[in-house]
Amino acid sequence: MLATLLTALLASAAPATDCHIGAYRLSDGSTLDIAPTDSDALRWRRIDGASGKLTRGANDTWSSTLGWTDRPDGKDVRFADCAKGKISFGGMAGERIPLQVQQTTFTGDGGTRLVGRLILPPGDAKVPVVVLVHGAEHDSAQQFDAMQREFPAQGVGAFVYDKRGTGDSAGTYTQDYSVLANDAVAAVAEARRLAGARAGRVGFRGGSQGGWVAPLAATRTKVDFLIIGYGLAVSPLEEDREAVAFYLRQKGYDQSVIDRAWQLSDAIGLILSSNLTQGFNQLEVAKAKYSKEPWYKDVRGDFSYMVLPMSSDEIREKGKPYASWNTPWHYDSMAVLRKLKTPQLWRLGEDDIDAPSGETWRRLTSLQLKGLPITVALFPHAEHGMTEYELKPDGERVSTRYAAGYMQMAIDYAKGIFHTPYGASVVVVPREPAP
């Protein structure tokens with residue numbers, strides 16, 4: 001998850017401001033979302049998981065490439081002028097859905113000014129509302145979170161906000177889960193206020209780091225449900241250890257190699273969790289001992305691979321910003337989940353390299369056995385972000401689409417009409433209480 005954040009930090013291009021961004025209803029009754037990217041391109045998404053990047057051509061005709069690859073997928077997209085809100089997608093006509101948008105400013109933890117919006121489906125009927133709790137990224141959720149339109153296009157309201165230190169919100173960026181949870185509590189109160197009589201079931205959706213923040217927030221305010229995407233029931237330090245082990249196993253190494261690699265990741269974890277005051281000697285000793293081993297190049301982890309090439313002086317210099325984020329490296333997620341009685345849906349990727357799902361799956365299913373209302377879904381061949389992928393010749397992954405059933409599962413859970421199957425996911429539902 002830290003790796004996801006650092007990737008975002010490296011993105012310097014501003015997102016395209018394009019009047020074509022919005023939710024559309026196509027002639028077959030399905031929906032299509034058009035979203036900005038960090039360049040002049042746009043991205044389309046469908047509820048079934050299909051997605052592609054749109055590049056502008058002549059006469060406002062856009063060509064599409066498959067997923068996040070560079071391969072054309074044969075879909076041409078044409079927009080009418082913005083006032084008409086018309087679209088032609090792969091030869092299918094459509095028009096913009098007139099979603100109801102209320103922009104707002106509200107107060108988070110410590111009086112911090114936060115900015116967000118509530119987006120509701122057309123009409124005046126009561127609907128579920130999902131408060132979107134974002135991950136570790138620095139990006140503006142108001143700009144980039146497509147779920148703010150995908151949910152309302154399917155009859156579920158969405159409240160999206162820029163977390164502190166990002167986008168239009170004030171404050172300083174932090175990874176203090178307690179502070180962020182208090183902000184999420186304020187967000188759900190604001191969503192209820194704005195929705196008024198239209199608010200039905202209200203809950204959180206947390207992605208990645210939001211899988212730590214949203215459950216904590218749910219212990220501090222009453223919500224009807226909790227939806228987690230590719231989150232974890234282990235600590236941030238355990239996440240890196242799990243990620244080191246997962247990748248090495250994929251490369252064919254046994255537990256003896258993993259045990260040695262953990263000496264590296266544990267030293268790095270000590271450096272980070274001590275705010276750059278301890279662990280440097282341990283890391284230098286381990287690097288000297290193992291840097292010529294054949295497996296050394298395959299030590300990845302969530303953040304270890306970024307630190308390993310650095311000298312101690314470089315770590316001290318480049319690590320200064322991270323030391324101020326107040327990351328709770330030893331966070332006890334299970335202590336929060338054990339006391340949480342809110343119905344939860346956890347959606348995990350089987351091939352998630354950054355946040356491996358194995359131990360989280362085991363911990364969540366153990367909580368199910370204790371009678372907690374947790375539903376767990378494992379999506380095969382899905383990684384962080386719940387995208388499916390293919391391998392490039394060099395072995396690097398490139399995403400081709402979102403996992404089938406992933407978005408529909410969240411929509412149905414928010415509505416309270418959950419039913420399987422959802423794509424190829426393996427779903428374990430809560431045990432029925434004893435009579």
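Is Arg 401 buried, partly exposed or exposed? Arg 401 counts as partly exposed, at 23% relative accessibility, where buried means under 20% relative accessible area, exposed over 50% and partly exposed in between (1.4 Å probe, protein chains only). The structure is a predicted model, in which local features need pLDDT of at least 70 and side-chain atom pairs count only at pLDDT 80 or more, whereas totals for chains, interfaces and linings use all residues. Residues are numbered from 1 along each chain as its sequence is written, and side-chain values use heavy atoms, with hydrogens and water left out.

Arg 401 takes part in a salt bridge with Glu 388, the closest N and O atoms being 4.0 Å apart; a salt bridge is defined as a side-chain nitrogen of Lys or Arg within 4 Å of a carboxyl oxygen of Asp or Glu. Because Glu 388 lies in strand 17 (residues 387-391) and Arg 401 in strand 18 (residues 397-402), the pair ties together parts that are 13 residues apart in sequence. Helices (H or I, at least four residues) and strands (E, at least two) are DSSP runs, numbered from the N terminus. A search of the whole structure finds 17 salt bridges. Among them is that of Glu 317 with Lys 320, whose closest N and O atoms are 3.3 Å apart. Another is formed by Glu 238 and Arg 363, with 3.5 Å between the closest N and O atoms. This pair links distant parts of the chain, since Glu 238 belongs to helix 6 (residues 236-250) and Arg 363 to helix 13, 125 residues apart. Glu 238 is partly exposed, with a relative accessible area of 31%.

Helix 13 (residues 358-369) comprises twelve residues and reaches 17 Å from its first C-alpha to its last, close to the 16 Å expected at 1.5 Å a residue; the expected span is 1.5 Å times one less than the number of residues. Its buried residues are Thr 360, Leu 364, Thr 365, Leu 367 and Gln 368. Seen down the axis of helix 13, these buried residues fall within an arc of 150°, so they line one face of the helix; the arc is that of the directions from the helix axis to the C-beta atoms. The cover over the buried residues includes helix 12 (333-338), strand 15 (344-349), strand 16 (374-379) and strand 19 (426-428), contact meaning heavy atoms within 4.5 Å. Just after helix 13, Gly 371 adopts a positive phi of about 95°.

Strand 15, helix 13 and strand 16 make a right-handed β-α-β unit. A crossover is right-handed if, with the strands pointing away from the viewer, the path from the first strand over the helix to the second runs clockwise. Six of the six residues of strand 15 are buried, so this strand is largely enclosed by the rest of the structure. Gln 344, Trp 346 and Leu 348 point one way from strand 15, while Leu 345, Arg 347 and Gly 349 point the other way. Strand 15 runs parallel to strand 16, joined by six bridges, and Leu 348 has Leu 378 in strand 16 as its bridge partner. Strand 15 also pairs in the parallel sense with strand 14 (residues 225-229), over four bridges, where Leu 226 stands opposite Gln 344. Two strands pair if DSSP finds at least two bridges between them.
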